[in-house]
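Below are some notes for a reader who is new to this structure. Please read them with the model open.

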Amino acid sequence: MRMAESDAAASPLFDSPIAFIGGGNMARSLIGGLTARGTPPERIRVVDPDADTRAALTRDFGVAAFAHATDAVAGAVTWVLATKPQVMREVCTALADEARSARPLVLSIAAGITAVQLERWLGGDLAIVRTMPNTPALLGAGVTGLYANANVDAAGRAYADALLRSAGDTVWLEAEAQMDAVTAVSGSGPAYVFLLAEAMEAAAVAQGLEADAARTLVQQTVLGAARMLVEDGATPSELRRRVTSPGGTTQAAIEVLEGGGLRTLMGEAIDRATRRGAELAAAND
Ligand SMILES: NC(=O)C1=CN([C@@H]2O[C@H](COP(=O)(O)OP(=O)(O)OC[C@H]3O[C@@H](n4cnc5c(N)ncnc54)[C@H](OP(=O)(O)O)[C@@H]3O)[C@@H](O)[C@H]2O)C=CC1
Ligand SMILES: O=C(O)[C@@H]1CCC=N1
């Protein structure tokens with residue numbers, strides 16, 4: 001579902017302060033995406049326990065960074081929960097008093113942790129949007145899955161959508177259960193592509209290519225292929241067919257990948273990651 005930009009622009013949320021709880025890798029990608037695409041840094045506050053992390057966020061993006069969560073959320077109408085699932089319960093219960101009085105729109109980026117858990121830990125009856133972004137958000141080339149609980153009104157949905165659109169595309173889900181699959185596909189997905197790139201580079205070097213040449217060849221191949229996937233309009237299998245001359249080099253390689261069970265392996269990997277999301281929710285309840 002796409003939100004009307006006019007709904008978001010009309011919301012008082014639009015100019016209000018945003019507090020990030022946790023300033024690690026994914027928060028950094030989102031803050032980078034937001035500030036690069038027009039969100040004034042003065043609107044963004046971050047809390048993180050690590051002084052170097054705080055200094056780097058202020059230096060790189062001009063945002064205010066705090067050591068204590070209560071300082072970061074003071075006056076913030078939107079909270080983005082960006083700590084690891086393992087500490088989310090502790091983080092939320094420590095902020096329950098502030099949540100009860102401020103009634104913020106709460107966005108979580110945590111894998112696995114459910115809207116019901118967040119609402120319970122923060123004190124109940126809150127508007128919660130579970131989101132699953134990915135690190136290309138830093139370049140505005142991310143994609144985010146979103147699910148809103150029943151307390152989120154149309155303006156809250158439109159605002160959450162606009163916020164995450166600064167980081168790339170958005171896909172709304174009506175069933176929260178699907179968030180674990182989204183996490184496994186697009187949240188973790190960049191790592192699968194990076195692993196593929198690592199493996200291709202290593203294979204190129206094993207064939208005698210210089211490391212620099214191998215890196216450039218692989219980088220541009222992945223970039224070019226990704227652009228064709230998005231821009232050409234053809235299906236992945238049609239794009240693959242156009243590369244694969246009968247009896248040629250690509251066919252020889254694809255036969256090895258198919259014969260080695262690449263599709264089964266990817267299915268198993270995504271299934272395992274999906275189940276890991278549910279495990280994280282249960283283990284950290
Ligand atoms: N990395 C990714 O690609 C994606 C991650 N996510 C989700 O984003 C969340 C963060 O992941 P990621 O950025 O990779 O992890 P990081 O460990 O890089 O970031 C988490 C940050 O939170 C800090 N932190 C720990 N305790 C607190 C606290 N009590 N209050 C405030 N900050 C605290 C950590 O500090 P310290 O290290 O000092 O403990 C760290 O800087 C996770 O829930 C993950 O599931 C979602 C999509 C993609
Ligand atoms: O690996 C993780 O658990 C997080 C969630 C998706 C990407 N990184």
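1. A residue is called buried here if 20 or more other C-beta atoms lie within 10 Å of its own, exposed if there are 12 or fewer, and partly exposed in between. The model is a predicted one. Asparagine 25 has 11 other C-beta atoms within 10 Å, so asparagine 25 counts as exposed. This residue lies in helix α2.

2. Methionine 26 is also placed in helix α2. Is methionine 26 buried or exposed? Methionine 26 has 26 C-beta neighbours inside 10 Å and is therefore buried. Leaving aside residues up to four places away in sequence, methionine 26 touches Ala82, Ile109, Pro133 and Thr135.

3. The entry, which is unreviewed, lists Ile21, Gly22, Gly23, Gly24, Asn25, Met26, Ala82, Thr83, Lys84 and Pro85 under "binding site". These residues gather at one spot, because no two of their C-alpha atoms are more than 14.0 Å apart although they span 65 residues in sequence.

4. Which residues surround ligand 2? They are Ala111, Thr183, Gly187 and Ser188. The shell around ligand 2 divides into 1 nonpolar and 3 polar residues, with no charged ones.

5. Strand β4 (residues 78-81) deserves a separate look. In a regular strand the side chains alternate between the two faces of the sheet. In β4, Thr78 and Val80 are on one side and Trp79 and Leu81 on the other. All of these residues are buried, and both faces of the strand are covered.

6. What are the pairing partners of β4? Strand β1 (residues 18-21) pairs with β4 in the parallel sense over 4 bridges, and isoleucine 18 stands opposite threonine 78. Strand β5 (residues 105-108) also runs parallel to β4 and is joined to β4 by 4 bridges. There, valine 106 in β5 is the bridge partner of tryptophan 79.

Definitions and conventions:
Residues are numbered from 1 along each chain as its sequence is written. Chains are lettered from A and ligands numbered from 1 in the order in which they are written. This is a predicted model: local features need pLDDT of at least 70, side-chain atom pairs count only at pLDDT 80 or more; totals for chains, interfaces and linings use all residues. Helices (H or I, at least four residues) and strands (E, at least two) are DSSP runs, numbered from the N terminus. Two strands pair if DSSP finds at least two bridges between them. UniProt positions are given in the numbering used here, feature names are shortened, and annotations may be inferred rather than shown by experiment. Two residues are in contact if their C-beta atoms, placed from the backbone, lie within 7 Å. A residue is near a molecule or strand if its C-beta atom, placed from the backbone, lies within 6 Å of it. Ala, Val, Leu, Ile, Met, Phe, Trp, Tyr, Cys and Pro count as nonpolar, Asp, Glu, Lys and Arg as charged, and the others, Gly among them, as polar.
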